[in-house]
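Q: Could you walk me through how to read the main features of this model? I'd like the general idea each time, and then the case at hand.

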Amino acid sequence: MNNIKQKFSQLTEREQRLVLISAVVVIVGMFYWLVWSPLNQAIERDQKAVTGQQSLLSWVHKNANRAIQLRAAQGVSAGFNGSLAQAANQTAANNNIAIARMQPQADELQVWVDQASFNDVLDWLKSLEEMGISILDLDIAEADAPGQIKIRRLKLGKS
């Protein structure tokens, strides 16, 4: 440190001012590029994510109310009188869904799917409900590919 002070004192007054101004500019530049800019980018990214999540939430609220209204307007469909496993297999095949595993339990059926398109799963669940099969429990997770989900557990029952 003394070596730097000694070299600084050997500079002319004009050079000393230039060194001080340069040091201030470098410090301000480093602050901007190392602190300010990354924080600004993170804030913008997070604001976009919040906006996206808020629009998704409003869409879910709107469609949840719509689904409740449609269900109330249709009333309860007639009960299903067949094999849950057969109905699940048939409707899954119609909707391009490969069932990984099934486990019957009395009047219920548990189903697992490794990977399927989200839209295909919605169509499949809708067709099951239209047949009079109740969806008792559903646990889904995001799959590796975009637009794909895993069904960790789907519990079906007769209405």
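Q: Which residue is the bridge partner of Gln105 in E2?
A: Strands (E, at least two residues) and helices (H or I, at least four) are DSSP runs, numbered from the N terminus, and two strands pair if DSSP finds at least two bridges between them. Here Gln105 is bridged to Glu108 in E2. E1 and E2 run antiparallel, joined by 5 bridges, and they form a hairpin with 2 residues between them. One caution: this is a predicted model, in which local features need pLDDT of at least 70 and side-chain atom pairs count only at pLDDT 80 or more, while totals for chains, interfaces and linings use all residues. Residues are numbered from 1 along each chain as its sequence is written, and side-chain values use heavy atoms, with hydrogens and water left out.

Q: What is the phi of Ala106 near?
A: Most residues other than glycine have a negative phi. Ala106 has a positive one, near 55 degrees, and sits in the loop between E1 and E2. With 84% relative accessibility, Ala106 is exposed; that label means over 50% relative accessible area, buried means under 20%, and partly exposed is in between (1.4 Å probe, protein chains only). Asn96 also has a positive phi, near 60 degrees. Asn96 is in the loop between H3 and strand E1 (101-105), and is exposed at 65% relative accessible area.

Q: How many residues of E2 are buried?
A: For E2 the count is 7 of 10, so this strand is largely enclosed by the rest of the structure. E2 also pairs with E4, antiparallel, through 7 bridges, and Val113 stands opposite Ile151 in E4.

Q: Which residues does the "transmembrane region" annotation cover?
A: An unreviewed UniProt entry gives residues 18-36. In the model, residues 18-36 are 100% helix and 0% strand, with the end C-alpha atoms 25 Å apart.

Definitions and conventions
UniProt positions are given in the numbering used here, feature names are shortened, and annotations may be inferred rather than shown by experiment.
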